[in-house]
Every structure is written in structure tokens, then in C-alpha cells.
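Here is a short note to read beside the model. Please keep the sequence and the 3D view open as you go.

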Amino acid sequence: VSAQLDNGSAFTASAAPGLRSSDFRTAMRQLAGTVTVVTSSECGIEVAMTATSVCSVSVQPAQLLVCINRGGRTHELITRSRKFAVNVLAAEQAELARYYSAPDRAAGRLMLGRWLRSSFGPPLLADAAVTFTCETLQAVQAGTHTIFIGLVLNVQHEATMPLLYRCGAFGQFVESAPQSLLDVLDY
Ligand SMILES: Cc1cc2nc3c(=O)[nH]c(=O)nc-3n(C[C@H](O)[C@H](O)[C@H](O)COP(=O)(O)O)c2cc1C
């Protein structure tokens with residue numbers, strides 16, 4: 001592996017010679033992820049894509065990140081508009097997750113789901129478990145993807161179970177019964 005400091009702040013690395021990308025994919029399939037639909041819009045064009053690579057970055061100021069493949073329409077529109085929304089799907093919305101990850105879906109307009117539109121930009125899913133409206137602060141290239149770090153401008157949330165994805169299947173969170181004092185302690 002060759003890794004070096006780039007601009008004194010970021011590492012760049014070539015692929016590890018001993019690692020097959022199929023092994024990496026298989027291993028990553030074990031990680032359960034909360035399913036979201038990331039949206040953006042600009043000049044009447046809208047995009048929406050299913051994404052699990054969403055993560056909290058900072059609390060004050062509120063920031064989150066999403067990793068988006070550089071080859072897609074969503075990447076192009078977020079780059080241009082510098083705005084995006086993360087719509088966390090409710091447990092019963094797997095149909096939306098399937099639709100917004102299908103490569104042959106209609107381009108330019110969101111055809112499935114109840115979307116709220118505003119002059120600010122990114123469409124928000126009316127019955128999502130959570131919606132985050134973000135403005136891009138940083139776009140960091142990482143291999144095939146770009147990590148967009150967004151300043152969270154607005155949040156809406158419902159007391160709804162989110163949809164999860166693991167090993168190619170959609171499902172939901174099942175709480176285990178507390179087994180020891182450690183399980184009930186806050187950390
Ligand atoms: C459950 C699930 C999670 C996904 N997560 C991501 C993700 O985090 N980032 C990404 O770039 N693609 C992700 N994808 C793939 C995109 O949804 C898919 O490639 C989509 O067609 C891209 O849309 P676009 O080309 O219009 O941008 C995911 C797909 C599924 C089914």
C-alpha cells in the first residue's frame with residue numbers, strides 16, 4: 001500500500017494489492033445501515049437516490065456526511081447546487097428504497113412518494129422518519145465516491161421506526177431485552 005500525506009492534511013492511498021474488492025463488498029454487507037433517500041434539486045431538475053452511507057459528523061454546529069458515487073446524477077446535482085436533503089425512510093418504505101436505487105428509474109423528477117417542495121431546493125419526503133436539509137460545506141474525494149459534509153439547516157423527525165438494510169435485505173430494528181446493568185447504562 002502506498003499512502004502519503006496530501007497537502008499536509010489528507011492521505012491518498014492506492015488499492016491494497018492483496019485485497020479483492022469482492023471480499024470488501026461481502027464484508028461490508030454485514031453492516032446494517034439505516035436507509036435514506038438523498039435528494040437535491042436545481043433549476044427544476046430533481047434527483048433522489050437510496051443511500052446508507054450517512055453519518056453524523058459534528059453536533060455544534062450540526063454537520064453530517066454522505067458518500068455519493070461520482071459517476072451518478074445525484075453527485076452531479078449536489079456538486080452544482082451545493083444543497084442536499086437526507087430523508088430517513090420509515091420501516092414500511094422499502095418500496096421507495098428499491099425504486100430510488102434502480103438504475104432505470106425516470107430521470108429529472110421524483111415519481112414515487114409524497115414530496116414537499118420549497119424554494120430553498122431539496123425535496124423532502126412528507127412521511128419520512130427524519131429529514132435533514134443541508135448545505136454542502138466540504139466535498140472530499142475518496143476513491144470512487146465523494147464525501148459531502150453538510151451543515152444541517154433544518155431537521156424534522158417523527159417517532160417512527162427507520163428502515164434498515166443488511167446483506168441485501170430490508171428490515172427493522174428489534175431491541176434486545178436488557179441482560180445486564182451494562183446494557184441499561186448510558187454511555
Ligand atoms: C440499500 C442501498 C444503499 C445504497 N447506498 C449508497 C450510498 O451510500 N452511496 C451511493 O453512492 N450509492 C448507494 N447506493 C446505490 C445507489 O442508490 C444507486 O447506484 C443509484 O442508482 C444512484 O443514483 P444516481 O446514479 O441517479 O445518482 C445504495 C443502494 C442501496 C440499494
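1. Strand E5 (45–51), strand E7 (63–69) and helix H2 (73–81) each give at least two residues to the shell around the ligand. Helices (H or I, at least four residues) and strands (E, at least two) are DSSP runs, numbered from the N terminus.

2. A word on the source. This is a predicted model: local features need pLDDT of at least 70, side-chain atom pairs count only at pLDDT 80 or more, and totals for chains, interfaces and linings use all residues. Residues are numbered from 1 along each chain as its sequence is written, and side-chain values use heavy atoms, with hydrogens and water left out.

3. How many residues surround the ligand? There are 16, and the closest are Thr 50, Ser 53, Asn 69, Thr 74 and Arg 105. A residue is near a molecule if one of its heavy atoms lies within 4 Å of it. The shell divides into 6 nonpolar, 8 polar and 2 charged residues. Here Ala, Val, Leu, Ile, Met, Phe, Trp, Tyr, Cys and Pro count as nonpolar, Asp, Glu, Lys and Arg as charged, and the others, Gly among them, as polar.

4. Now the polar contacts (pairs of N or O atoms within 3.5 Å). A polar side-chain atom of Ser 53 is 2.5 Å from an oxygen atom of the ligand. A backbone N or O atom of Thr 52 lies 3.1 Å from a ligand nitrogen atom. A polar backbone atom of Cys 67 is 2.9 Å from a nitrogen atom of the ligand. The protein covers 77% of the 650 Å² of accessible area that the ligand has on its own (Shrake-Rupley method, 1.4 Å probe).

5. Next, a sheet. Three strands form an open sheet in the order E3-E13-E14, with antiparallel pairing. Strand E3 (33–34) and strand E14 (169–171) stand at the edges with a single partner strand each, so one side of each has no neighbour in the sheet. E3 and strand E13 (residues 164–166) are joined by 2 bridges; two strands pair if DSSP finds at least two bridges between them. Gly 33 has Tyr 165 as its bridge partner in E13.

6. Two backbone details remain. Most residues other than glycine have a negative phi, and most peptide bonds are trans. Gln 60 and Pro 61 are joined by a cis peptide bond, with omega about 0°. Pro 61 is in the loop between strand E6 (54–58) and E7. Cys 43 has a positive phi, near 50°.

Terms used
A polar contact is a pair of N or O atoms within 3.5 Å; within protein, one must be able to donate a hydrogen and the other to accept it, and residues adjacent in sequence count only if both atoms are side-chain atoms.
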